[in-house]
Amino acid sequence: MKQLKRPARRTLLVAHVATSVSWLGLTLGLLTLGVTAFLTRDATTTQAAYRAMQILADWLIIPIALLALISGVLLSLGTPWGLARHRWVWIKFWLTLITLAATVLALRPTINDAAATGLPDNSLVAAPTVASCAYLFMTAISVLKPWGLTRRGRRLRHTATSRRNTSRKTVDERSPAPTA
């Protein structure tokens with residue numbers, strides 16, 4: 001993909017950071033509601049907490065998660081970081097896919113069941129805890145950018161370096177007259 005121009009890159013970066021932070025905030029909200037529902041002895045509070053979790057999961061989590069994924073992929077493809085050139089980007093991509101799938105396939109159905117029954121469920125404390133840790137980890141590696149290039153990134157860098165070196169002509173090659 002062609003490199004993004006600065007205004008487009010900045011706009012996409014702001015969108016990605018905003019959606020990623022929103023996803024983390026929503027997950028922390030789910031964790032707070034899950035802990036409240038699990039620890040309270042009041043059935044009405046448990047039911048209300050699970051219904052609030054259901055609203056967040058049904059209306060916000062999936063669109064925010066998809067926007068974070070899409071903006072992250074577009075940003076990686078439109079910048080020198082690339083999607084599979086650096087380990088930290090590649091790990092963020094896969095963790096985002098895994099957490100998105102876990103949200104759709106496991107968390108939402110569990111929240112819906114808990115909202116229907118109103119019974120405390122410790123998995124609705126565990127899942128948002130794991131997800132929050134994953135998002136904090138992704139935030140940390142976005143800032144720190146550890147681990148260097150992937151095998152593909154090293155190969156691409158080597159190819160680019162080789163092309164640059166072979167395209168440079170020495171003084172003798174440019175001169176029409178033979179040199180001694």
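1. A pocket, as the word is used here, is an open set of grid points with protein on both sides within 12 Å along at least five of seven lines, and its lining residues have an atom within 4 Å of a point. The model is predicted.

2. Start with the largest pocket. It is lined by 27 residues. Nearest its centre lie His16, Leu75, Trp88, Lys92 and Ser142. The space in the largest pocket comes to about 700 Å³.

3. Which helix gives the largest share of the lining of the largest pocket? Helix 1 does, with eight residues. By class, the lining has 16 nonpolar residues, eight polar and three charged.

4. Now the surface. Leu13, Val17 and Val21 form a nonpolar patch there. Together these residues have about 250 Å² of accessible area. Val21 belongs to helix 1. Is Val21 buried or exposed? Its relative accessible area is 53%, so Val21 is exposed, the cut-off for that class being over 50%.

5. The loop between helix 4 and helix 5 (151-167) deserves a look. Leu149 has its place in this loop. Leu149 is buried because its relative accessible area is 13%, and buried means under 20%. Leu149 and Leu105 are 44 residues apart in sequence. In space they are 32 Å apart, C-alpha to C-alpha.

6. Most residues other than glycine have a negative phi. Lys145, in the loop between helix 4 and helix 5, has a positive phi, near 50°. Trp147 lies in the loop between helix 4 and helix 5. Its phi is also positive, near 80°.

7. Trp147, at 42% relative accessibility, counts as partly exposed. Leu149, by contrast, is buried.

Methods: Residues are numbered from 1 along each chain as its sequence is written. This is a predicted model: local features need pLDDT of at least 70, side-chain atom pairs count only at pLDDT 80 or more; totals for chains, interfaces and linings use all residues. Side-chain values use heavy atoms; hydrogens and water are left out. On a 1 Å grid over the protein atoms alone, a cavity is a set of points where a 1.4 Å probe fits but cannot get out, and a pocket is an open set with protein on both sides within 12 Å along at least five of seven lines; lining residues have an atom within 4 Å of a point. Grid points are joined across faces, edges and corners, and a volume is the space filled by probe spheres set on the points. Helices (H or I, at least four residues) and strands (E, at least two) are DSSP runs, numbered from the N terminus. Ala, Val, Leu, Ile, Met, Phe, Trp, Tyr, Cys and Pro count as nonpolar, Asp, Glu, Lys and Arg as charged, and the others, Gly among them, as polar. Patches are made of residues with over 30% relative accessible area and no salt bridge: like charges are joined within 9 Å, nonpolar side chains (Val, Leu, Ile, Met, Phe, Trp, Tyr) within 5 Å. Accessible areas come from the Shrake-Rupley method with a 1.4 Å probe; for residues, only the protein chains shown count as cover. A salt bridge is a side-chain nitrogen of Lys or Arg within 4 Å of a carboxyl oxygen of Asp or Glu. Buried means under 20% relative accessible area, exposed over 50%, partly exposed in between (1.4 Å probe, protein chains only).
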